[in-house]
Amino acid sequence: MNARYLPYVLITPVALFLCVFFLYPFFLVARQAFGDGGSGFSLDNFRDIFSYWKFNTTLTNTLLLAGAVVPVQLAMALLMATMVSRMGKGRDLVLYIWTIPLGISDLAAGIIWLAIFEQSGFLNSMMVGIGALDRPANLLTYQNAGLVFLAIALAEIWRATAIMLVILVAGIGLIPKEYYEAADVFGASKWKQFWRITLPLLRPSLQTALILRVIMAFEVFAVVAALGGTLFPVLMGETYAYQFDLLNSGAAAAMALVILAISIVATLIILRALRVPKGATI
Amino acid sequence: MSQTDQVSANARKAGRYLYIATVVFLCAWVLVPLYLLFVNALSSAEAVNSFPKSALPEFNLGSLSFFAKFQGILDALKNSLIVATMTMVMSIAIGAPAGYALSRFEFRCKATFRLLILMTRAFPLPLLALPLAIMFIRTGLDETALGLAFVHTTLAVPFAVLITFSLFSGIPLELEEAAWTLGCTRLTAFTKVVLPLILPGITASAIFAFVISWNEVFAAAVLTIENRTLTAFLLQNLDTTAIHLKFAGGFILVLPALIFIFAVRKYLFAMWGIANR
């Protein structure tokens, strides 16, 4: 076959596939969200979801959760990645352990933390065991909104720090050792090296990690379903509820666009905040 | 030894202990919750529902056998396996050629194509399941494993393209050129020289695709109502089922993930190193 056409032949399947299952569905979801059941254009679906009493709680919950979880994860992932980069013996084992949650679904993560927080769970057993409580308390209830939030946040931190870790470890691996050697020669402390070399040169990886993670945080669904249920409504859960409990797929589509909109805004903010100066490479 | 040396040696020693303690703590942070799930899954239903909990498993298969006998769960497990296998095959079959094209050729739409691939990662993809649910009903793909596998492939294929791109880039073009001069065609050079070298990496990215599909909850719950996958089944029954069933289900969900991550651990970082760019 002519080598000139070969690359096009090779990418055609993926390109076609993504057009049918990625671009076209987005067009459909937008049409459905802005549609009125017929062929006209209307904002009724958005009016519907914005006027629903739960919407503000749902949005705040999602943003609060992302705001609480992502900075902690970023700090943890940075700490873990720098620790691993200095590690000699046992590096592979530690990295394997730290990346285990990468393969675990959000639903399983929710169930895992349920084992700790449920009424006859391990946290209660421990609290009663050390005498802090007389009898097991029902922790995940409406009265303990703070605890529900904490349980969900812990499960999210537990589950999704690994993805940032992997990206940052790979990113640190791309930074040439010479910079650190030079810094050593000039007597810069490890702390200073971290702030002056690692962080600035890690910017592209930080960008990727944060974008990926923040979008995942807005999509949080199964962890919440397993731990909080309806106690802690989030955007994705409400989208699911619109589709199945209320059988209102127009509103579900509108919700999907709201999630998409905040994802895009967050992506743009991260891209802007961590922009790599033009022409700068490692 | 002077006093200041002594002090700094002590400080270094303390720092070393702090370092080790932090590593151990972070390992425990990952492992202890997993262990607790295993304790629950490997205990009888009575033990799981009793109080207080023992920190050691009974090694009783009561919960797991109850899980296996629960109505519909084996079908759900089977569905999950089928969908994940289909996703794995499709994403490699269409992703790997594109990865090869990106690593070996300069062509006009390359930038646009890469943008399309990268764009998929900046969108909340599971939401696509909503319009696709309607599209699938029209085309008769609703409730089929293939329909769901299409959506999961959309999730997995960008990774497959980027990973195989990085793998192919790691194999020098000279190897292929040498094969051509020795009488291989492009195709035989690929199958005899490149493929054997790349196979372990391809396997790793196939496993990664499998895990993505195996773990996905939202699209699975939207697209399969009758033929639930395991995640969709567990999600649907979260409110109603007995608690030991949830833990057994969680255990079954986690187990393959542990093995898979172990199998692909060498490739994880190479995958992401390139995916950053």
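Helices, of at least four residues, and strands, of at least two, are DSSP runs numbered from the N terminus. By that criterion, chain A of this predicted model contains 13 helices and zero strands. The predictor assigns the complex an ipTM of 0.83 and a pTM of 0.84. The contact between the two chains draws on 78 residues of chain A and 73 residues of chain B.

**Confidence**

- Chain B has a mean pLDDT of 82, and 93% of its residues reach 70 or more.
- Among the elements of chain B, the highest mean pLDDT, 90, belongs to helix α4 (residues 73–104), whereas α2(B) has the lowest, at 69.

**Chain A: overall form**

- Read from the N terminus, the elements of chain A follow the order α-α-α-α-α-α-α-α-α-α-α-α-α.
- Along the principal axes, the C-alpha atoms of chain A fill a box of roughly 75 × 70 × 35 Å.
- Chain A comprises 282 residues, of which 44% are buried.
- Of the contacts in chain A with a separation of 6 or more, 73% join residues 24 or more positions apart.

**Helix α6 of chain A**

- Helix α6 of chain A spans residues 122–129, and its buried residues are F122(A), L123(A) and N124(A).
- These buried residues of α6(A) pack against α5 (106–117) of chain A and also against α1 of chain B.

**Domains of chain B**

- The domain assignment divides chain B into domain 1 (3–49) and domain 2 (72–275).
- The centres of domain 1 of chain B and domain 2 of chain B, taken over C-alpha atoms, are separated by 34 Å.
- Eight residues from domain 1 of chain B and seven residues from domain 2 of chain B take part in the contact between these domains.
- On the side of domain 1 of chain B that touches domain 2 of chain B, the elements giving two or more residues are α1 (3–41) and α2 (45–49) of chain B.
- With five residues, α1(B) supplies the largest share of that side of domain 1 of chain B.
- By class, the residues on that side of domain 1 of chain B are six nonpolar and two polar, with no charged residues.
- The element α2(B), which contributes to this side, is also the one with the lowest mean pLDDT among the elements of chain B.

**Contact between the chains**

- In the contact of 73 residues from chain B with 78 residues from chain A, helix α12 (residues 243–275) of chain B gives the most to the chain B side, with 17 residues.
- The side of chain B that touches chain A consists of 55 nonpolar, 13 polar and five charged residues.

**Largest nonpolar core**

- The largest nonpolar core holds 173 residues, and L227(A) and A129(B) touch the most other members.
- Helix α7 (residues 145–169) of chain B gives the most to this core, contributing 16 residues.
- Both domain 1 (3–49) and domain 2 (72–275) of chain B are represented in this core, each by at least three residues.
- Leaving aside residues up to four places away in sequence, A129(B) touches V151(B), F218(B), A219(B), V222(B) and L223(B).

Key: Residues numbered from 1 in each chain as written. Chains lettered and ligands numbered in written order. Predicted model: local features only at pLDDT ≥ 70, side-chain atom pairs only at ≥ 80, totals over all residues. Domains from an automatic or database assignment. Nonpolar A, V, L, I, M, F, W, Y, C, P; charged D, E, K, R; others polar. pLDDT = per-residue confidence, 0-100. Buried ≥ 20, exposed ≤ 12 C-beta atoms within 10 Å, placed from the backbone. Core = buried A, V, L, I, M, F, W, Y, C linked by C-beta atoms within 7 Å.
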